[in-house]
Amino acid sequence: MRSRIYTIISGHFKSWYRSKSNIFWTIAFPLLLIVLFGAIFGSGSTKFDLYVQNKDLVQATPTPLSQGYVSALNNTGAFDLHMVPAEQTDPVNYVKSDAQPHNRGQRLLVVPVGFASELFATKKANISLYIDQSDQASQSLKGIIFAATNSYATHLPPPLSPSQPPDISVQQVGLVTRNIRYIDFFIPGVIGMTLLTTGVFGAVNTNGRYRELKIIKKLATTPLSKIEWILGMVGYQMILATISLVVILFFGYAIFGVTATIDIYVVGLVVAASLLFPGIGMVLANFVKEAESADAAANAITFPMMFLAGTFWPRESLPYIMKIIANFMPLTYVNDGLRDALIYAEPAQALANTLIALGLAGFFILLGSLLMNWKEE
Amino acid sequence: MSDNPPASLPGQSDRVVQVDKLSKKYGDNIAVNDISFNLTKGEVFAFLGPNGAGKTTTVEILECLRNPTGGQAWVLGYDVSKRSDQAEIRKRIGVLPQDFNAIDRLTVRENINYFGAMFKHQLDADKLIELVDLKDKRDEQFKKLSGGLKQRVGLAVSLVNDPDVVFLDEPTTGLDPRARRDVWGVIERLKSQGKTVFLTTHYMDEAEYLADIVSIIDHGQIIASGTPDQLIDNHGGKKTLIIRDAGEEGLKQLPPGLPKADLRNAGDIAIPLHNGELTNILMSLGQTPLRDKEIEVRRPTLDDVFLNLTGRRVSEEGN
C-alpha cells in the first residue's frame with residue numbers, strides 16, 4: 001500500500017515540475033504578487049473601524065471636552081466608532097477579542113483620565129492611538145486622526161483657543177507586540193492563496209482530466225483502492241504546500257526582510273490545507289464532470305474566496321454582508337491561522353483557527369471521498 | 001440473478017471468462033440483454049459490434065467497473081459481483097480502457113512503472129517496451145508520442161502485471177491504418193505467447209484478422225458467435241465475382257443467363273457466385289469487351305455477415 005501511495009505522489013510530482021505553467025502558478029505567480037503588492041500598496045477609501053475608550057469622566061459622564069473630541073472624530077465621516085467601556089482595564093485585549101469575530105480593524109484610541117483638566121491647566125494633552133502597522137489603511141487613518149485632532153484643537157472655545165491653540169499630541173502605540181507592516185500581513189495571505197489554488201485546481205484537474213483520459217478508470221481496474229488514491233493526492237498536496245511555504249517565506253525574508261515563526265500550528269495548517277482544498281476540489285469535480293467546466297467552477301469558487309477571505313487586504317474594509325460571507329469561507333481560517341502563527345505570534349488564536357481549519361478539512365475530504373466515483377455507474 | 005455455479009473453481013479451468021444470461025439496465029434502457037458466452041484460455045475473443053451495442057458495458061462488468069443487473073459472470077472462476085472476488089480479479093487481469101491515455105508528462109518507462117506499482121508483482125518495464133517495440137521512445141514523454149505509439153504504451157501498461165487475461169476495449173479506434181497494423185502486430189505477439197485476449201471492436205477486418213472466436217453483439221444482444229470462418233460460411237452469403245470499374249456500360253455488356261449483377265461503388269460490377277459457376281461465367285465474359293477489365297473473386301467478410309444479420313453495415317466510425 002505504501003509503495004502505491006508513494007507512486008501516486010511521485011507521479012503527480014513529476015507531472016507538476018515538468019509543467020512550466022504549474023511552476024508559474026505555484027511558485028512564480030505568488031512571488032510576482034508579493035512584489036507587485038509590496039511595491040504598489042495603495043490606500044483604501046472606505047470607513048475605518050476605530051475603537052475609542054473615553055476615560056475622561058466626571059460622575060460617570062464624559063467631560064464636554066473629551067466628548068467633543070470623540071464627536072469631532074465622528075464628524076469626519078471617516079470612521080465607524082466602537083466605544084470601549086471606560087472601566088475596561090485592558091482595552092487592548094478587549095479590542096483584539098471583539099474585533100476578530102466582527103471582522104473589524106484592530107485600532108484603539110484612548111482619551112486619558114484628566115484630558116479636559118490637563119487641557120485647561122497646561123494647554124497640553126496626550127491621546128494614545130494603538131494601531132497595527134500591517135493595516136493597509138494605517139497611514140491614511142493616522143493622517144485623518146492627526147488632522148481631526150488639530151482641527152479640534154484650533155476650534156476649541158476661548159480661553160483654550162483660537163489665540164493659542166492647545167497642543168494635543170497623538171502618541172502612536174503598536175497594537176501587537178511586533179512591528180507589523182503590510183508585507184508581513186500580505187505574505188501569509190499569499191501562502192493561503194497558493195494552498196487554495198494548488199489544492200482546489202490540483203484536485204479538479206487531476207480528477208477531471210484523469211477521468212477524461214481514462215486514467216482513473218484504468219487505476220480502478222488495478223488493486224489500487226480509492227483511499228490510496230486520495231492519500232496519494234493529499235501527500236502530493238502536502239509536498240507542494242511545504243515547497244510553497246518555504247519558497248514564499250524565503251522570498252519574503254530575502255526581499256522584504258519578513259521574519260516568520262514556523263511552529264506546530266503552521267504544520268497543522270499546512271496539513272489542514274492539504275486536506276481541505278483538495279477536498280473542495282473533489283466535491284467540485286464530482287458535480288462538474290467535464291475537465292473544462294470543472295476548471296471554470298474552480299475559478300468561480302477560488303476567486304471570490306481569495307478576495308473575501310483577507311488574502312490581499314483586511315476583511316474589515318469589506319461591506320458588512322461580505323464580512324459575514326467571509327466567515328463562511330474556509331480560506332479565512334487558514335489565512336488568519338497562518339498570520340497568527342507566522343507573524344503575530346498569537347498561539348491561542350492560531351490554535352483556534354488551526355482547529356477550525358482541521359475540522360473543515362475533515363468534513364470536505366470526507367465528503368469529497370464519499371462523492372468520488374471510483375467505479376463506473 | 002442466475003443460480004448457476006461457475007463451471008470450476010477459481011484458477012482450475014481453461015474457461016477464463018464465463019458469462020451467463022448477463023444483463024445491464026440503466027433505467028428503462030437495456031444496455032446488455034441476457035447474453036451468454038465463454039472464453040477459453042489462450043484464445044483471442046473478439047466482441048464485435050457497432051457503437052452503443054453493449055460491448056463496453058459488458059467488458060466493464062467483467063473488469064468489475066460496473067455491476068450487472070441480471071445474470072452472472074465469472075472471470076478466472078471468480079464472481080464479478082462478489083466484492084471479495086473482485087479484489088482477486090483485479091490482481092489477475094490486464095485492462096486497456098477505450099480511449100485510454102497514460103500520464104502526459106511521464107515517460108514511456110515511467111508510465112509502465114507507475115501502473116506496474118499498483119500490483120504486487122510487475123513485469124520488467126524494459127521487456128514490455130521491447131514487446132511493444134518502443135525501445136527508441138522509452139524516455140520520451142507520453143504527450144510527445146503519436147496516436148499509434150500511445151496506444152502501444154497502453155498495451156504495455158495493460159500487460160504490466162503479467163495478467164491471465166487481457167481486456168482490450170477498442171484498441172485501434174481512431175488510429176490510421178499503419179498504426180492499426182502496428183497494434184495488430186502487438187496483439188499477434190500476445191497471441192503467440194499464449195495470452196488470452198478479450199478484444200472489443202467495431203472493425204470487422206480487425207476481428208476477422210485477429211480473433212479465434214467472434215461474438216457479434218447488436219442492441220445489447222449476441223446475434224451470432226463462432227470462428228470467423230464459421231460465421232462467414234453460415235451468414236456471409238456467397239462468393240462474389242467483381243469486375244472492376246466496368247460502370248453502367250459494363251452492365252449492358254454482360255452476357256445473358258448470368259446471376260443478377262449489382263453495380264457497386266466506383267463502378268464495380270458484383271455477380272454472386274454459386275458453386276461450380278465460376279468457370280462458366282469467366283468463359284462467357286471472355287466473349288465480351290469485359291474480358292479486358294480487372295476481375296477478382298471476393299470471399300464474403302464479417303462485413304457481409306453483419307449486413308446479412310442486421311440489414312445494415314457498420315461505418316468506419318462504428319455507427
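In the predicted model, the C-alpha centres of domain 1 and domain 2 of chain B are 38 Å apart. Domain 1 of chain B covers residues 15-233, and domain 2 of chain B covers residues 236-310. Contact between them involves 13 residues of domain 1 of chain B and nine residues of domain 2 of chain B. On the domain 1 side of this contact, at least two residues each are supplied by α7 (204-210), β9 (213-218), β10 (221-226) and α8 (228-235) of chain B. The largest share of that side, four residues, is provided by α8(B). Classified by residue type, the side of domain 1 of chain B that touches domain 2 of chain B contains ten nonpolar and three charged residues, and no polar residues.

An open sheet of four strands is found in chain B, with the order β2-β1-β4-β5 and antiparallel pairing. Strands β2 (29-40) and β5 (78-79) of chain B each have a single partner strand, so they stand at the edges, and one side of each is left without a neighbour in the sheet. Strand β1 of chain B, residues 15-26, runs antiparallel to β2(B) and is joined to it by eight bridges. Within this pair of strands, B:Val19 is placed opposite B:Phe37 of β2(B). Helix α1 of chain B, residues 55-62, packs on the sheet and touches β1, β2 and β4 (70-75) of chain B. The direction of this helix makes about 120 degrees with that of β1(B).

In chain B, the loop between β13 (269-272) and α10 (278-285) contains B:Leu273. B:Leu273 has 16 C-beta neighbours inside 10 Å and therefore counts as partly exposed, since a buried residue would need 20 or more and an exposed one 12 or fewer. Leaving aside residues up to four places away in sequence, B:Leu273 touches B:Lys238, B:Lys239, B:Thr240, B:Leu241, B:Leu278 and B:Val297.

The contact between the chains takes 22 residues from chain A and 23 residues from chain B. Helices α1 (2-17) and α8 (215-220) of chain A each supply at least two residues of the chain A side. With six residues, α1(A) gives the most to that side. By class, the side of chain A that touches chain B comprises nine charged, seven polar and six nonpolar residues.

How values were computed: Residues are numbered from 1 along each chain as its sequence is written. Chains are lettered from A and ligands numbered from 1 in the order in which they are written. This is a predicted model: local features need pLDDT of at least 70, side-chain atom pairs count only at pLDDT 80 or more; totals for chains, interfaces and linings use all residues. Two strands pair if DSSP finds at least two bridges between them. Two residues are in contact if their C-beta atoms, placed from the backbone, lie within 7 Å. Axes are lines fitted to C-alpha atoms, for helices over the stretch in contact, and angles run from 0 to 180 degrees between N-to-C directions. Ala, Val, Leu, Ile, Met, Phe, Trp, Tyr, Cys and Pro count as nonpolar, Asp, Glu, Lys and Arg as charged, and the others, Gly among them, as polar. Domain bounds come from an automatic or database domain assignment.
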